[in-house]
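Here is a walk through a two-chain model, written for someone who would rather look at the structure than at a table. Have the viewer open as you read.

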Amino acid sequence: MQPLRLTAFSLVTSLGLGVDATLDALRAGRSGLVPRGFDAGLATFVGEVPTPEPLAPALADFDCRNNRIAALALQDDAFAEAVAAAREHYGASRIGIFLGTSTSGIEQTEQAYRRRDPWTGKLPTDYHYAETHNTFSLAALTARLFRLAGPAVVVSAACATTAKALGNATRMIAAGLCDAAIVGGADSLCATTIYGFRSLGLTSEGPCRPFDAARDGLSLGEAAGFALLEKSEGRGGRDDILLLGIGESNDAYHMSTPDPQGSGARLAMERALASAGLAASDIDYINLHGTATRVGDAAEDIAVTAVFGPQTPCSSTKGHTGHTLGAAGIVETIISSLAIRHDLMPGSPCTRSLDPCLRSRYLLENRSARVARVMSNSFGFGGSNCSLILGRVAP
Amino acid sequence: MKVFVEGIGVWAAGLEGWASSREVLAGMRPYVPAPLTVPPSPLLPPNERRRTVATVRLALKVGAEAFANAGRDPSATATVFTSSGGDGETLHGILESLSTAELDVSPTRFHNSVHNAPAGYWTIATRSREPSTSLCAFDASFSAGLLDAAAQAVFDHCAVALIAYDLPYPEPLHSARAIGSTFGVAFVLTPEPTRASFARLTLALGRGFTAPTSLADAALETLRQGNPAARSLPLLQALARGSEAEIALDHVNGNTIAISIAPPPW
């Protein structure tokens, strides 16, 4: 593919508000996971964003936890300024919106169901489906906030969602339907995922420990992340990150269990390398999907070592942020971009002793080394896989 | 952007399959909606067939028909799924459970609740490892899916199937999001003409220069307005008539998608 520039980023996770807060936490090896008790005897660790403020009155219909977290990230000063400059340069109808979320504002519907009219069973009149629950609400809110008028769509392909949204944006820019795009998305904690993952036995009681011998499941997190993606020619600075390649595939195996041989994951990584015109040896660091489930980490390890051998440094940053589901792709795209900008390969704060059955060169501690190109992996339910390759402008 | 249509599948009240729908949409037979059922897909093994939810059944039904009409192997073809929402019965079941003290979500319901459940079942049933995505743009979900499928066909130079579906939600969700009826539609698109191609589509994004095309038949127009996937009806009608046509579909943010339809020779 023709490389594209990522020219601005914005990020909100349990590590803090803003890209710098995440960078500080990565440098300090700090985890954002905290213990939380939920009803029905569920004790687990989560990566929570501190209580986000309600949206402004003009946006009241959009008000829900997911859109509040999204708005926190979208209204980050530097990001909003970058989007305004891009709008000035390209025109409002030439900037597309390609976002992702898995559960959107479903938490609003959960609350509305608890407030149903006891006689009629109807949902309360202050409940707004289109602006909260529907996944497209995220794109509608973004278009409203930035006064954009280009094509827009929201991807919802489970935990590969916001990585795949970069693919949608890339195709639309290649097809000439827009010159730049807002990419990214948000997912937020809700009872549906908290109790849904528990029902599958995939949630750890402690903080998640990717690639640990004693790993026993994931920790849920919430996050919003956005990036401005632009055509490579013209505008841009030396600090920009290049999107070099994208590979998408499916396991075609099972709805909620990854292929234990990692065949689909391997195919996504190989396709990303082919799309970037790179060899495995060109990749300096791999940001793994690594959710800390027994089967998922083992399958990814098989796939990574099949493509890269056991030498390429890699880690999962889920121990910092928790698994932010649909947002994981953009969160880790931004973390991978920080790795490149600051020559920082992040360690894995909650992982203690590596699983001896896994062969990847998994980093427990931060490593300071030249990082020119990173692969970022995102895999999800339904067997949906996406690998991205990011690099620096000036090699 | 130019793409070629190899095969179509459709399933809605009074539009049960492309062969008979074609006659109705071309005006050769009147449109008579009749009660609709969505049969389980023969693509799935018998034990899976019983467990599949309505959105999955509908998506697999129209997808299988489009591939059969195209004479193309689904295992080697990328897919774009698009719908305004996930499976209504599944969602309602989860929300009901979560509104009680049990807070019990069934694992099967949970995996069926994800927006990409039809894509997951499709790729498992067809053994396809080709890229697949699942999209939403509320009422404009069909045109958003069509844009992405066409861009993927052209950009990746491969065949892409577009599968669009939406079903009514049960109450109380229906009162908050009214989807009038069930509608599923699928297209197999290619970047170059093949022996199976019967129409060329030229797509352009336009800012309000045309109003979305509506349908002269009142019942079909009600169907079009009531279901996001049925926003494809002007395109289906033009393809059923088989002559040159210009139509526009509603998109988002004040845009429309203008489509020129041309039969062979190209």
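## A strand pair across the two chains

Strand S6 (residues 152–155) of chain A pairs with S4(B) in the antiparallel sense, over two bridges. Strands count as paired here if DSSP finds at least two bridges between them. To find the spot, look for A:Val155, which sits opposite B:Leu135 in S4(B). Helices (H or I, at least four residues) and strands (E, at least two) are DSSP runs, numbered from the N terminus.

This is a predicted model, in which local features need pLDDT of at least 70, side-chain atom pairs count only at pLDDT 80 or more, and totals for chains, interfaces and linings use all residues. Residues are numbered from 1 along each chain as its sequence is written, while chains are lettered from A and ligands numbered from 1 in the order in which they are written.

## The rest of the interface

How many residues of chain B are in contact with chain A? There are 53, and they meet 56 residues of chain A; contact means that the C-beta atoms, placed from the backbone, lie within 7 Å. Elements giving two or more residues to chain B's side include helix H4 (88–98), helix H5 (107–113), helix H7 (141–155) and strand S7 (199–207) of chain B. H7(B) gives the largest share, seven residues.

By class, that side of chain B has 26 nonpolar, 19 polar and eight charged residues. For this tally, Ala, Val, Leu, Ile, Met, Phe, Trp, Tyr, Cys and Pro are nonpolar, Asp, Glu, Lys and Arg are charged, and the others, Gly among them, are polar.

Helix H4 (residues 106–114) of chain A is mostly covered, with seven of its nine residues buried. Buried means that 20 or more other C-beta atoms lie within 10 Å of the residue's own, exposed means 12 or fewer, and partly exposed is in between, with C-beta atoms placed from the backbone. The buried residues of H4(A) include A:Ile106, A:Gln108 and A:Tyr113. They pack against helix H2 (65–74), helix H5 (129–133) and helix H8 (191–199) of chain A, together with H4 of chain B.

## A covered strand in chain B

Now turn to strand S5 (residues 160–166) of chain B, where seven of seven residues are buried. B:Val160, B:Leu162, B:Ala164 and B:Asp166 point one way, and B:Ala161, B:Ile163 and B:Tyr165 the other. In a regular strand the side chains alternate between the two faces of the sheet.

S5(B) pairs with strand S3 (residues 78–82) of chain B in the parallel sense over five bridges, and B:Thr79 stands opposite B:Ala161 there. Seven bridges also join S5(B) to strand S6 (residues 183–190) of chain B, this time antiparallel. In that pairing B:Asp166 stands opposite B:Phe183.

## Chain B as a whole

Chain B has 10 helices and nine strands, and buried residues make up 58% of its 266 residues. Its C-alpha trace spans about 60 × 40 × 35 Å along the principal axes. Among contacts between residues at least 6 apart in sequence, 71% join residues at least 24 apart.

How confident is the prediction, and what are its scores? The model has ipTM 0.97 and pTM 0.98. Chain B averages a pLDDT of 95, with 99% of the residues scoring at least 70; pLDDT is the predictor's confidence in each residue, from 0 to 100.

Methods: Contact = placed C-beta atoms within 7 Å.
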